[in-house]
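Me: I've got a structure open and want to talk through some of its residues, rings and helices. Can we go through it piece by piece?

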Amino acid sequence: MNSHFGIGTLELALWGGNFNPPGNHHIEIARALARVAERVVIVPAGPRAEKREQNAIASTFRAALVDLAFRDIDRVELDFSDLENQVFTSNDELARRYSDADVWHVVPREFVDGGATEESMIQQYWEQSGDLWKSAKFLIVHPKNHPPSVADLPPNYRLLEVNAEGRSQDIRVALVRGENVSHQIDPAVLNFIETRGLYRLSSPAHSRTISLQGKSGHVYFDKRNVAASDWAQRFNSVSIDRADYVIALGGDGTMLQAIGKFWERRIPFFGVNFGHVGFLLNDREDVSSSSFPSEDVIVRDLPMLRVESLLTDGSTSVGLAFNDAWLERSTGQTAWLEVKVDDQVRFKKLVCDGVLTCTAAGSTAYASSMGATPMLADTEAWMLVGSNVMTPRNWKSAPISMNSSITVRNLDPDKRPVRGFIGGTSLGDVLEMRIRPSRTAFVELAFLPEHDMSRKIADVLFPNT
């Protein structure tokens with residue numbers, strides 16, 4: 001096959017790799033792929049025992065870096081299934097996953113070097129390498145004027161010349177040494193790395209102090225809230241694709257709506273309370289008495305829950321919840337639920353109106369009204385809460401490790417159906433829900449230094465004061 005092809009000639013370019021971190025050379029390759037393929041699917045590789053560098057940075061951070069690098073390139077899709085499930089998917093398995101399309105495997109030139117003597121990296125290290133080498137289609141990316149040897153090429157190939165070179169390994173080494181890598185990394189990617197101290201010898205930061213001065217904000221508010229609408233006129237709102245942060249004006253519900261819409265932008269959310277308690281927002285009085293945008297705000301990375309539900313019609317639904325996800329009885333009958341934590345049965349039969357799981361940030365919402373003790377938003381735990389539990393008597397809630405998962409199964413779906421909810425959105429009747437903290441999704445909430453969430457929680461716990 002020759003190397004001359006035009007825009008959209010290929011149906012699907014499938015590109016797996018570490019992207020740890022993604023550099024400018026990766027971005028240039030992605031843009032080149034988007035010019036020749038109808039779809040470009042990028043798959044950041046999951047953990048492998050022989051490649052410890054893939055595990056050196058949390059999956060949440062790796063996913064964010066890839067998002068920031070590639071999100072604005074047309075026809076590029078991101079597949080985070082490896083990072084989310086903490087597995088490594090081989091190229092032959094990826095090809096089966098996308099078997100409904102004509103798949104072209106994207107590989108760098110060095111992966112085919114030595115092909116003439118069956119010593120290429122593909123032939124030596126890929127699973128099912130013999131069959132893949134003969135039958136799979138390869139889109140081979142090479143630097144300008146440095147194509148691979150014709151003798152080394154597989155039977156089905158096309159060449160893509162890209163005027164960009166670089167290696168993630170070299171970037172990581174430079175970052176550890178404290179060297180300037182601004183010419184190798186996109187500014188948004190580099191800012192994310194520097195603000196969290198990634199690829200340093202110290203532990204990455206999940207909270208940090210930043211300045212919003214000189215930055216652009218996208219204002220999100222409910223137009224039915226008159227006070228929030230008036231305040232919105234104070235800010236010069238920009239479109240979300242140009243925003244450095246989101247300003248949410250309203251109550252916690254408004255903030256949750258903004259998070260649902262924009263969390264994938266990987267930018268901070270600064271809330272101003274125009275509702276009631278406003279656990280996720282800054283007090284209006286504090287903002288009005290300070291110059292805003294503030295020179296200093298504290299940003300906290302807060303997790304989201306990944307919820308996989310098996311519905312009664314046999315289909316599955318996967319969603320994300322910043323606050324909570326729960327099951328509740330659909331009829332007058334109590335629910336009979338089996339509850340597992342890390343695949344270990346903790347309740348053989350929980351007799352109740354339902355159960356709820358929530359993040360620490362969400363523990364101040366529905367969970368609190370069900371009798372759970374709320375936690376500070378940055379607590380390294382999440383929670384399982386029972387609703388009107390009859391058996392075992394007096395059980396209410398339990399904190400859960402961030403490394404654990406919860407599975408709730410309906411023991412009697414015919415007589416005692418239960419409905420599933422993710423962040424207030426109904427899924428309909430479900431048979432089972434499996435919930436755990438997401439390994440790729442999190443939210444950045446920004447607060448003024450004087451914001452004291454513990455005081456708001458204390459007001460709930462001690463209402464008479």
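Me: Is Glu118 buried or exposed?
Reply: This is a predicted model, where local features need pLDDT of at least 70, side-chain atom pairs count only at pLDDT 80 or more, and totals for chains, interfaces and linings use all residues. Residues are numbered from 1 along each chain as its sequence is written, and side-chain values use heavy atoms, with hydrogens and water left out. Buried means under 20% relative accessible area, exposed means over 50%, and partly exposed is in between (1.4 Å probe, protein chains only). Glu118 comes out at 63% relative accessibility, so the label is exposed.

Me: Which residues does Glu118 touch, leaving out those up to four places away in sequence?
Reply: Glu118 is in the loop between β4 and α5; helices (H or I, at least four residues) and strands (E, at least two) are DSSP runs, numbered from the N terminus. Contact means heavy atoms within 4.5 Å. With residues up to four places away in sequence left out, Glu118 touches Gln123 and Gln124.

Me: And Phe80, is that one buried or exposed?
Reply: Phe80 is found in the loop between β3 (76-78) and α3 (81-85). Skipping residues up to four places away in sequence, Phe80 touches Pro44, Ala63, Val66, Asp67, Arg266 and Thr440. Its relative accessible area is 16%, so Phe80 is buried.

Me: How far apart are the C-alpha atoms of Phe80 and Ala45?
Reply: Along the chain, Phe80 and Ala45 are 35 residues apart.

Me: What kind of pair do Phe111 and Trp126 make?
Reply: Phe111 is in the loop between β4 (103-108) and α5 (121-125), and Trp126 is in the loop between α5 and α6 (129-135), 15 residues apart. Phe111 is partly exposed at 22% relative accessibility, while Trp126 is buried at 13%. The ring centres of Phe111 and Trp126 are 6.5 Å apart and the planes are at 75°, so this pair is edge-to-face.

Me: What about Trp126 and Phe138, what kind of pair is that?
Reply: Trp126 lies in the loop between α5 and α6 and Phe138 in strand β5 (residues 137-143), so the pair ties together parts that are 12 residues apart in sequence. Both residues, Trp126 and Phe138, are buried. Their ring centres are 6.0 Å apart with planes at 45°, so the pair is tilted.

Me: Which residue lies over the face of Trp231?
Reply: A charge sits over a ring if NZ of Lys or CZ of Arg is within 6 Å of the ring centre and within 35 degrees of the ring normal. For Trp231, at 3.8 Å from the ring centre, that residue is Arg234.

Me: Last one: how are helices α2 and α8 oriented, roughly parallel or roughly antiparallel?
Reply: Axes are lines fitted to C-alpha atoms, for helices over the stretch in contact, and angles run from 0 to 180 degrees between N-to-C directions. Helix α2 (residues 59-70) and helix α8 (residues 187-196) pack with their axes 8 Å apart, at an angle of about 155°. Angles under 35 degrees count as roughly parallel, over 145 as roughly antiparallel, 65 to 115 as roughly perpendicular and the rest as oblique. That makes α2 and α8 roughly antiparallel.

Definitions and conventions. Phe/Tyr/Trp six-rings, centres within 6.5 Å; stacked < 30°, edge-to-face > 60°.
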